[in-house]
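The stops below go from one selection to the next.

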Amino acid sequence: MDLALIIIWFIVIWLGIIGDFLPIIPGPIMSYLALVLLQIADKAFSTEFMIIMAIVCVIITTVDYIVPVIWTKKMWWTKRWTRWSTIWLIIWIIVLPILWITIWQFGLIWLFGGPFVWAYLWEKLYQKHKKQKVNDKKALKAAFGSFLWFVSGVLLKLIYTIVVAIYFIPKAFDIIKNMF
């Protein structure tokens, strides 16, 4: 049972890190879950610490879902673009592993560049569809906003996960040492 618990701890903390980059896995929530599992096994942290980390997790997760709406309004994106960007993220979750396997050296570039390219192309296509004059400046603005939204969300979640890992790993190894 102890070995299974240790494996689960480290799987959950890794899922937290992976979830910072993939929108389908809630990275901060998984990281906090790792702390909770460690806390259940061995009262490794104070109650105050756990409450503070829970509050920060809720704030970061909430901000991660609210920031896209704010960026959408700020950058004057269309509702259609918002829907298509969500579809893009789902497609990207499927395409990204294939890119890592086939052209792994470009995978990170595409991870961060994908939202930029998609937003740019979608704005241009939308303008043509509406029979408007194609405005490259507006399309670039939407693409840059999409890129900023993605990177800021990833960085915010990654910082939280790193902080959790800094507290989690030493405590987990102390518990492991005491088990054996």
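Serine 31 counts as buried because its relative accessibility is 0%; buried means under 20% relative accessible area, exposed over 50%, and partly exposed in between, with a 1.4 Å probe and protein chains only. Now show its surroundings: leaving aside residues up to four places away in sequence, serine 31 touches Ile13, Gly16, Tyr160, Thr161 and Val164, where contact means heavy atoms within 4.5 Å.

This is a predicted model, in which local features need pLDDT of at least 70 and side-chain atom pairs count only at pLDDT 80 or more, while totals for chains, interfaces and linings use all residues. Residues are numbered from 1 along each chain as its sequence is written, and side-chain values use heavy atoms, with hydrogens and water left out.

Zoom out to the whole chain. The protein has 6 helices and 0 strands. Of its 180 residues, 37% are buried. Among contacts with a separation of 6 or more, 69% are between residues 24 or more positions apart.

Next, select helix α6, residues 136–179. Its 44 residues should span 64 Å at 1.5 Å a residue, and its end C-alpha atoms are 62 Å apart, so the two agree; the expected span is 1.5 Å times one less than the number of residues. Go to phenylalanine 168, where α6 bends by about 25° and proline 170 follows within four residues. The bend is the angle between axes fitted to the seven residues ending at a position and the seven starting there.

Which side chain meets lysine 157 in a salt bridge? Aspartate 64 does, at 3.3 Å, N to O; a salt bridge is a side-chain nitrogen of Lys or Arg within 4 Å of a carboxyl oxygen of Asp or Glu. This pair links distant parts of the chain, with aspartate 64 in helix α3 (residues 47–74) and lysine 157 in α6, 93 residues apart. Lysine 157 counts as buried because its relative accessibility is 9%.

The structure holds 2 salt bridges. For another, select aspartate 174 and lysine 177, whose side chains meet at 3.9 Å, N to O. Both lie in α6, 3 residues apart, about one turn of the helix. Aspartate 174 is partly exposed at 39% relative accessibility, whereas lysine 177 is exposed at 60%.

Terms used
Helices (H or I, at least four residues) and strands (E, at least two) are DSSP runs, numbered from the N terminus.
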